[in-house]
Amino acid sequence: MALRTVCAAALRTGTDLGVNNARTFVTTAFLCKRVPPLGPMPNEEIDVKNLASVEKYRSYNRYFRQAAEARNKDVWWKTYRSYVENADPEHGAERVDIGLPYYQPCRTKEVRKRRQVMKENKKNVELERASRLRTFKIPLDQVQETWEKTTGPFHVKRLADHYGVFRDLFPMAYFLPQVTLKVCYSQDNGTHVHYGNQLTPTEAATAPQISFNAEEGSLWTLLLTCPDEHLQDNEAEYIHWLVGNIPGAAVQAGEELCHYLPPFPARGTGFHRYIYVLFKQDGPINFQENIRPLPCHSLVQRTFKTVDFYRKYQDNMTPVGLAFFQCQWDQSVTDTFHNTLNMREPVFEFIRPPVYHPPQVKYPHRQPLRYLDRYRDGKEHTYGIY
């Protein structure tokens, strides 16, 4: 019996080995019959085994010229890129700068000024002593001012691109926020609007204080909009505040086209972006077509599109300032929907009702030991441990 089992196992092993060899042969034959590429592969003519025989470029100009010829050459592996460009015409398209022109300061003057400052600091005995004793304090106000004048606008633009501000407000366009826009909702607790920080609707319930550097006799337009808040149209916005023909930096003296409305992000929709955009006017503008009734508590009348507003007045105004914050639902939003907008509050999440417990009895009959846990006030329960 044992001999018969050993022979059967040997025969089975041989059969399995033959099947595996046959599968390997079929796979090899199938791979050999693969369809060749549509054309020559990149750098196929180079002999990688003998790189010493490859002709050297010997100069950067020659390399750049041959690289440009290779890039412009019509080859088969570029078809996928053309397919993507045909499917999405805006893929890789260059955006338009609609802001004020940026004048790069002279590098030589900056270096000369920096060397002069370093020379004066080396002669300052008190500065040297404070640095040696590690008691030197850097004035943060001067650091903030220097940042706003040098790299601040580029950092703000990068943040706006990260949060999709230009994509949703100005499609295929952008601007460099060269005017620092300071928005403060409360002086007591320092509720300021920066570039994507989080605030609550309760903190932004009233109109903030706006400040920015403005020349005497200049006119400005201030806009507060939300591209994530519209309840029916994904491409539309709700305007929360619009003030035009602002003389200097006095926002209170401007023409209020739409009064301030606090944020009302619907429950269950996450964080919404609330964006302040500051426009600089070339002169007085007639905004009669954009005036909303006072008070304006209709969401239909507050439906807005920033790109359409800018296209209408693009010859007379230029975006120069930007600030935005994020906000999500809290209890004050319910009050805004019910009392201010006079409508039912939309809810986009399931609110689980509390578990119902019958009134507690003094002497429970045939109840488990943890019967009293359902009536305890604390969050931590002791199931059966008394």
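# A walk through the model

Let's begin at proline 295, which sits in the loop between β10 (272-281) and β11 (303-304); helices (H or I, at least four residues) and strands (E, at least two) are DSSP runs, numbered from the N terminus. Select leucine 294 as well: a cis peptide bond joins leucine 294 and proline 295, with omega about 0°.

Before moving on, know that you are looking at a predicted model, where local features need pLDDT of at least 70, side-chain atom pairs count only at pLDDT 80 or more, and totals for chains, interfaces and linings use all residues. Residues are numbered from 1 along each chain as its sequence is written, and side-chain values use heavy atoms, with hydrogens and water left out.

**Two arginines**

Next, pick arginine 58, in the loop between α1 (2-32) and α2 (60-72). Its phi is positive, about 70°, although arginine 58 is not a glycine. Is arginine 58 buried or exposed? It's exposed, with a relative accessible area of 70%; buried means under 20%, exposed over 50%, and partly exposed in between (1.4 Å probe, protein chains only).

Now jump to arginine 366, in the segment after α10 (331-340). Arginine 366 has a positive phi of about 60°, and it isn't a glycine either. It is exposed, at 79% relative accessible area.

**Into strand β7**

Select threonine 225, in strand β7 (residues 219-226). With 0% relative accessibility, threonine 225 counts as buried. Which side chain does the side chain of threonine 225 make a polar contact with? Show glutamate 237: the two side chains make that contact at 2.6 Å. (A polar contact is a pair of N or O atoms within 3.5 Å; within protein, one must be able to donate a hydrogen and the other to accept it, and residues adjacent in sequence count only if both atoms are side-chain atoms.)

Stay in strand β7 and click leucine 222. Leucine 222 is buried, with a relative accessible area of 2%. Leaving aside neighbours within four places in sequence, leucine 222 is in contact (heavy atoms within 4.5 Å) with residues including Leu181, Trp241, Val251 and Tyr276.

**The nonpolar cores**

Colour Phe170, Val277, Phe279, Phe309 and Leu322 next: of the 27 residues in the largest nonpolar core, these touch the most other members. (A nonpolar core is a set of buried Ala, Val, Leu, Ile, Met, Phe, Trp, Tyr and Cys residues joined through side-chain atoms within 4.5 Å.) Among the elements giving two or more residues to this core are α7 (152-162), β10 and β12 (317-327). A second, separate core has 25 residues, including Leu181, Trp241, Val251 and Ala323.

**Last stop: a cavity**

How many cavities of 30 Å³ or more are there? The count comes to one, and the largest cavity holds about 70 Å³ of space. On a 1 Å grid over the protein atoms alone, a cavity is a set of points where a 1.4 Å probe fits but cannot get out, and lining residues have an atom within 4 Å of a point. Grid points are joined across faces, edges and corners, and a volume is the space filled by probe spheres set on the points.

To see the lining, select Trp147, Glu148, Gly152, Pro153, Val156, Pro177, Val179, Thr180, Leu181, Tyr195 and Leu322. α7 gives the most to this lining, with three residues.

Conventions: On a 1 Å grid over the protein atoms alone, a cavity is a set of points where a 1.4 Å probe fits but cannot get out, and a pocket is an open set with protein on both sides within 12 Å along at least five of seven lines; lining residues have an atom within 4 Å of a point.
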